[in-house]
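Please go through the following points with the coordinates open beside you. They take up a few local regions in turn, with the cut-offs given where each term comes in.

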Amino acid sequence: MLRTHRFLKTFVSISWILTCCIGYFNRSVAQDAERTNVVFIFADDLGWTDLGCFGSTFYETPHLDRLAASGVRFTNAYAACPVCSPTRASILTGLWPQRTKITDYIGAAQPDTWKRNTRMLPAPYATELNHSFVTMAEFLRDRGYNTFFAGKWHLGPEGHFPEDQGFQINRGGLEKGGPYGGKKYFSPYGNPRLTDGPEGEHLPDRLATEANAFISANRDKPFFVYFPMYCVHTPLMARPDLEKKYAAKRATGNHPELWGTEGPRKVRLTQNHAIYAGMVEAMDQAVGKILDHLEALSLTERTLVVFTSDNGGLSTSEGHPTSNVPLRAGKGWLYEGGTRVPTIARLPNRLPRGQVSDVPVISPDWFPTLAAATNANSSSALRWDGQSVLELVRAPAENANRPLYWHYPHYGNQGGRPGGAIREGIWKLIEWYDDRSFELYNLRDDLGEQQDLSKQETDRVRSMAARLASWRVEVGAVMPTANPAYRESQKEER
C-alpha cells in the first residue's frame with residue numbers, strides 16, 4: 001500500500017512538472033509569435049530623388065511607393081557619411097562612424113600610401129568593424145531572435161564577416177564593395193558566400209528569394225532580416241528587358257540630357273540613364289517580393305520594415321548614372337546630394353500610415369529604433385548616439401532643431417574633399433579642412449545650397465563651428481594632416 005502511495009505521489013509530481021513545462025512552452029511559443037520582427041533593407045548609392053514617392057518621373061518604383069503609402073516617408077533623412085562603409089558601421093552599431101574609426105570606404109588609400117598631389121593627407125581609418133562593438137544582429141540574437149544577412153557587407157575581411165558579427169546566416173556578404181566576382185550581377189556570381197544559381201539568374205531577385213526562405217522558416221519565431229542590397233552600386237548592369245524599357249522611355253524626349261559642374265567634375269542634372277533605371281526597378285521588385293511574402297504569411301502587422309540608402313546618388317563620377325536635383329552634388333560630397341537619402345519606415349500600430357515626416361533622422365537612429373520596436377531597449381546597457389525614430393515621429397516640433405553631424409577627413413573618388421558639417425534646423429554649416437573655409441546655407445530657402453551666407457551670418461558661423469569642433473572632440477574624430485609632398489605649382493587633384 002505504501003509503495004502504491006509513493007508511486008501515485010511521484011506520478012502526480014511528474015505530471016505536474018510536465019504540465020508546467022508544456023504550459024511554459026506554449027506560452028513561450030505564443031509570446032514568440034507576437035514579438036515584433038525586423039526587416040531592414042537599404043540600397044547602395046541610391047539618391048534622394050531616385051524613387052517615385054520621392055519625386056522621380058523616370059525611374060519606376062511601385063513597391064517602394066506602396067511601402068511609403070502604408071508607413072512614414074522621411075524627407076529629412078540622412079546617411080552618416082557620403083560614402084558607404086562608415087554609414088554601414090553606423091547603422092549596425094548605432095554610433096557615429098568616428099567612434100568606430102571607419103571614416104572612409106574600406107579599400108581607400110591610407111595616408112602612408114597616398115600618391116595624389118593634394119594639400120592634405122587623408123586621415124587614417126579602421127579597415128574592419130572591431131568585435132568590441134555590439135551590432136544589431138548580436139543585440140537581437142541575444143534576445144532570442146534568429147538573424148539573417150543577405151547582400152553587401154564591406155566592413156572587413158574574413159573573420160569580420162556577417163557570421164562573425166551576430167548573423168546566423170550570411171548570403172553574399174564579403175569584404176568587397178560590389179558584386180565583382182563571376183558575372184557580377186548575374187549568376188555565376190563567383191561569391192564564396194553565395195552558391196551559384198542557374199545561368200543568368202539576377203542577384204537582387206536571388207537575394208530576395210533567400211530572405212523569403214528564411215522568413216518562411218521562422219514565421220513562428222522572432223526574426224531579423226538585414227538586407228543591404230548590392231544594387232544600385234557599380235558595375236552599371238541591368239536586366240536586358242529593363243534596359244530596353246527605359247531606353248524606349250528616354251527616346252520619347254521627355255527626359256533630356258542636362259549637365260552642370262561641381263568643382264572640377266561634371267554633374268548629371270537629369271535622370272535618364274536607362275541602365276541605372278533598370279537597376280532601380282530591379283531593386284524595387286526585390287523589395288516588393290519581400291513585402292508580398294510578409295503579407296502572404298500574415299506578418300505585415302507585426303514586422304518593422306525600414307528602407308534607406310547608405311549615401312547619396314552617384315552623380316559626379318563612375319558613369320554619372322543619376323541626378324540628385326534639386327539637391328547639390330552627390331555621393332562623396334558633404335552637400336545634401338551626398339548625404340540626404342530616401343527613407344521609409346513601416347510598423348503598423350506604432351507608426352502612422354501614409355505620413356510624410358520632416359523630422360531630421362540619421363543612420364545612428366536606426367539601432368535604438370529597432371530596440372524600441374522590439375521592446376528590448378529597456379533591458380540594454382548599451383548607449384547609442386542616435387534616438388529612436390518612433391519617438392522622433394511622435395514629437396517632431398521638439399526635434400526639428402536636433403543637431404546632425406558629419407566628419408569626412410578624406411578625398412572622395414567623386415571629387416569631394418576633407419571636411420565636416422553640422423545641420424541645426426534650417427541651417428547647415430560646412431567646414432573645409434584643407435583651406436579652413438566655411439559655407440553656410442539656409443536649407444528652407446535654398447535646398448540646392450547655391451547661396452553661401454557665411455559672410456552675412458558670421459556670428460552663426462562662429463557658434464555652429466564651435467559646436468562642430470566640440471562634437472569632433474567628443475567622438476574622437478581623427479583629422480587629416482598637411483601633405484609634405486604637396487606642390488602648389490601643380491594642379492591640385494580632387
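1. Just after helix H3, Gly94 adopts a positive phi of about 75 degrees. Helices (H or I, at least four residues) and strands (E, at least two) are DSSP runs, numbered from the N terminus. This is a predicted model, in which local features need pLDDT of at least 70 and side-chain atom pairs count only at pLDDT 80 or more, whereas totals for chains, interfaces and linings use all residues. Residues are numbered from 1 along each chain as its sequence is written, and side-chain values use heavy atoms, with hydrogens and water left out.

2. Helix H3 (residues 84-93) is largely enclosed by the rest of the structure, because 10 of its 10 residues are buried; buried means under 20% relative accessible area, exposed over 50% and partly exposed in between, with a 1.4 Å probe and protein chains only. The buried residues of H3, among them Cys84, Arg88 and Thr93, pack against strand E1 (37-43), helix H4 (97-100), helix H5 (136-141), strand E7 (223-228) and helix H10 (366-373).

3. Leaving aside neighbours within four places in sequence, Lys152 is in contact (heavy atoms within 4.5 Å) with residues including Cys84 and Arg88, both of which are among the buried residues of H3.

4. Thr147, in strand E5 (residues 146-150), is likewise buried, with a relative accessible area of 0%. Its side chain reaches the backbone oxygen of Gly166 at 2.8 Å, and Gly166 is also one of the residues that Thr147 touches, together with Phe167, Phe214 and Phe224 among others, when residues up to four places away in sequence are not counted. Thr147 and Asn170 are 23 residues apart in sequence, yet 9.2 Å apart in space from C-alpha to C-alpha.

5. Strand E10 (residues 303-309) is mostly covered, with seven of its seven residues buried. In a regular strand the side chains alternate between the two faces of the sheet. In E10, Thr303, Val305, Phe307 and Ser309 point one way, while Leu304, Val306 and Thr308 point the other way. E10 is joined to E1 by seven bridges in a parallel arrangement, with Ala43 opposite Ser309, and to strand E11 (residues 343-346) by three bridges in an antiparallel one, with Val306 opposite Ala345; two strands pair if DSSP finds at least two bridges between them.

6. An open sheet of four strands has the order E14-E15-E16-E17, with antiparallel pairing, and its edge strands are E14 (404-408) and E17 (437-442), each pairing on one side only. Five bridges join E14 to strand E15 (residues 419-424), where Tyr408 stands opposite Gly419. Helix H13 (residues 458-475) lies across E14, E15, strand E16 (427-432) and E17, at about 65 degrees to E16; axes are lines fitted to C-alpha atoms, for helices over the stretch in contact, and angles run from 0 to 180 degrees between N-to-C directions.

Note on methods. Polar contact = N/O pair within 3.5 Å; in protein donor to acceptor, adjacent residues only side chain to side chain.
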